[in-house]
Amino acid sequence: MVSLSNALTSPPLRPNPRNRFSKKPLCIVKQFLNLTSQGQFSEAISSLELLAIKGIRLPSRTLAYLLQQCGKTKSLKDGKFLHLRLKLTGLKRPNTFLSNHLIYMYSNCGDYIGARKVFDKMGARNLYSFNNMLSGYTKLGMIKPARKLFDQMPERDVVSWNTMVIAYAQSGFAEEALRFYKEFRNLCIGYNEFSFAGVLAVCVKFRELQLTRQVHGQVFVCGFLSNLVISSSIIDAYVKCGMMGKARRLFDEMKVRDVLAWTTLVSGYAQWGDMESANDLFVKMPEKNPVSWTALISGYARNGMGNKALELFTRMMVCRVRPDQFTFSSCLRACASVASLTHGKQIHACLIRTNFRPNMIVISSLVDMYSKCGSLKVGEKIFYLTENKQDPVLWNTMISAFAQHGHGEEAVKMFDDMVKQGVKPDRTTFVVILNACSHSGLVKEGIRYFECIYPDHGIIPDQQHYACLIDLLGRAGCFNQLMNHLEKMPCKPDSRIWNALLGVSRIHGNIELGRKAAEQLIELEPQSSAAYVLLSSIYGALGKWESVENVRHLMNTRQVRKEVALSWIELENKVHAFSVSDSLHPLQGAIYSVLDQLARQMDVDASLFENETSSY
């Protein structure tokens with residue numbers, strides 16, 4: 001059998017009348033090499049059978065390269081075919097080098113059984129074999145088998161420890177990740193830039209400020225702050241902890257910044273509501289990608305600046321930046337926040353025109369946008385036209401839409417249909433169905449749903465569920481049941497509970513309960529203006545004017561400002577916002593003139609109505 005290396009290095013064969021096909025092997029080899037160099041690996045692997053027929057065996061490095069490409073492109077079919085060719089050409093038990101690449105290929109393609117079979121049949125395993133198998137398990141989220149293999153390893157290096165720390169962190173086992181990280185650092189076997197990836201994932205996911213500071217110090221001492229990925233991860237960790245000052249300081253100290261670092265900080269400012277800083281940084285960005293545009297659009301939408309979000313989206317489209325799923329979702333949320341049906345329809349048309357395949361979040365955002373803009377029937381039509389309805393987010397949105405429009409019975413029917421179709425309700429599902437029952441006066445149904453949360457669905461009710469129940473019972477005037485549930489709560493009431501009590505106290509004029517709720521809420525949320533305003537009103541109703549003055553003084557001392565209520569109206573594709581006694585609108589003269597005419601007309605109509613009724 002001729003090896004590929006020999007076929008390439010041997011001198012050209014002379015023509016021989018007895019061997020007319022003497023040049024054929026070289027042609028086949030050349031064709032094979034051309035296919036691999038052009039990245040046509042499937043075609044190259046398919047030609048292996050022809051090479052075998054001609055008696056040409058590929059060297060181990062070429063086979064390993066092909067296996068590596070199968071793993072990278074997740075081409076399990078081609079990888080299995082290549083493995084079969086190895087067996088048929090006398091390599092039933094490949095050497096350690098090829099076996100390691102087979103494990104890599106099977107692991108990357110998600111076939112841990114195939115990887116394990118190769119691993120178990122290996123005559124000799126090295127550290128690379130164990131690390132490859134370990135990496136395969138962790139990539140598939142198989143933590144227990146990974147841990148078992150790790151404990152069996154005769155030796156471990158930095159890669160082995162890094163793999164386990166990252167695996168535990170990504171799977172949400174923060175304590176195990178930190179324990180492994182500490183044990184690894186105490187071994188003094190060295191480290192690399194990947195050694196901090198796992199512990200930084202814990203910092204980001206669980207918002208551990210003290211740990212973030214420690215890791216920041218360790219990275220600085222080890223000299224890895226110049227690594228863009230690590231520095232961006234530390235910035236992200238500080239952002240998640242709300243330490244924007246520290247995040248900005250580290251960003252400013254970076255000598256080289258990539259788009260990830262810029263976007264992380266822009267997203268951080270937007271997340272914490274500092275849209276001015278977010279916009280300033282966005283403008284300075286030397287390079288923007290769809291993620292950075294979306295981060296700012298999402299920030300505007302989330303912070304009640306829907307008009308700015310839509311303006312930025314228009315600029316994004318003009319700059320020919322392709323929106324992604326999150327961009328469309330954020331823009332639809334912005335349309336819903338300012339009730340701009342025109343803009344919402346334009347975005348919907350854009351989705352259709354560009355043949356964009358929306359995910360369930362975008363579809364749910366469409367349903368939400370249409371319902372909040374007053375077109376409930378259109379939102380309902382989109383819901384029913386959606387083929388795959390296995391995601392609870394879509395059902396939650398539709399139930400919430402019915403609740404907002406006061407269609408409690410339709411919301412209840414939607415919930416029942418959801419359960420019948422085998423879609424498992426989540427925590428949010430029970431929040432929206434309880435709200436639907438509350439706003440439609442369906443007390444019995446609401447109590448029934450609350451009482452089945454844990455027994456039927458295995459979900460332990462949290463503060464938000466109790467807040468919905470209190471709102472349900474309070475609106476119906478069932479204060480005895482309300483207080484009974486409040487006393488039986490397994491945890492101390494938080495701001496959501498007191499807010500719910502405050503709302504029902506306002507509805508029914510329960511001054512004593514309202515006073516207690518407002519006082520508790522002020523203690524928990526010192527910057528919430530609603531509690532101060534209601535408490536001041538309660539004290540006024542009781543004639544305690546000194547207490548009223550004290551509340552106002554406390555508001556001034558804490559610099560609490562009452563939120564300005566806004567109204568929107570859309571005219572000629574432009575959304576106009578108004579506040580009470582607004583004097584800033586450029587057409588204020590014409591607006592107030594029309595309002596005066598309407599007021600006079602109402603007075604005339606009222607007089608005519610009184611005259612007509614008195615004549616009867």
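Q: Which residues does L501 touch, not counting residues up to four places away in sequence?
A: Contact means heavy atoms within 4.5 Å. L501 touches I470, L482, L486, L513 and A517. This is a predicted model: local features need pLDDT of at least 70, side-chain atom pairs count only at pLDDT 80 or more, and totals for chains, interfaces and linings use all residues. Residues are numbered from 1 along each chain as its sequence is written, and side-chain values use heavy atoms, with hydrogens and water left out.

Q: Which residues touch the most other members of the largest nonpolar core?
A: In soluble globular proteins, nonpolar side chains tend to be buried together. A nonpolar core is a set of buried Ala, Val, Leu, Ile, Met, Phe, Trp, Tyr and Cys residues joined through side-chain atoms within 4.5 Å. Here the largest core has 173 residues, and F196, M369, I433 and L501 touch the most other members.

Q: Is S195 buried or exposed?
A: Buried means under 20% relative accessible area, exposed over 50%, partly exposed in between (1.4 Å probe, protein chains only). S195 has 3%, so S195 is buried.

Q: What joins the side chains of S195 and N162?
A: A polar contact is a pair of N or O atoms within 3.5 Å; within protein, one must be able to donate a hydrogen and the other to accept it, and residues adjacent in sequence count only if both atoms are side-chain atoms. For S195 and N162, the polar contact is 3.1 Å.

Q: Is V594 buried or partly exposed?
A: V594 is partly exposed, because its relative accessible area is 45%.

Q: How many of the 616 residues are buried, as a percentage?
A: Buried residues make up 44% of the chain.
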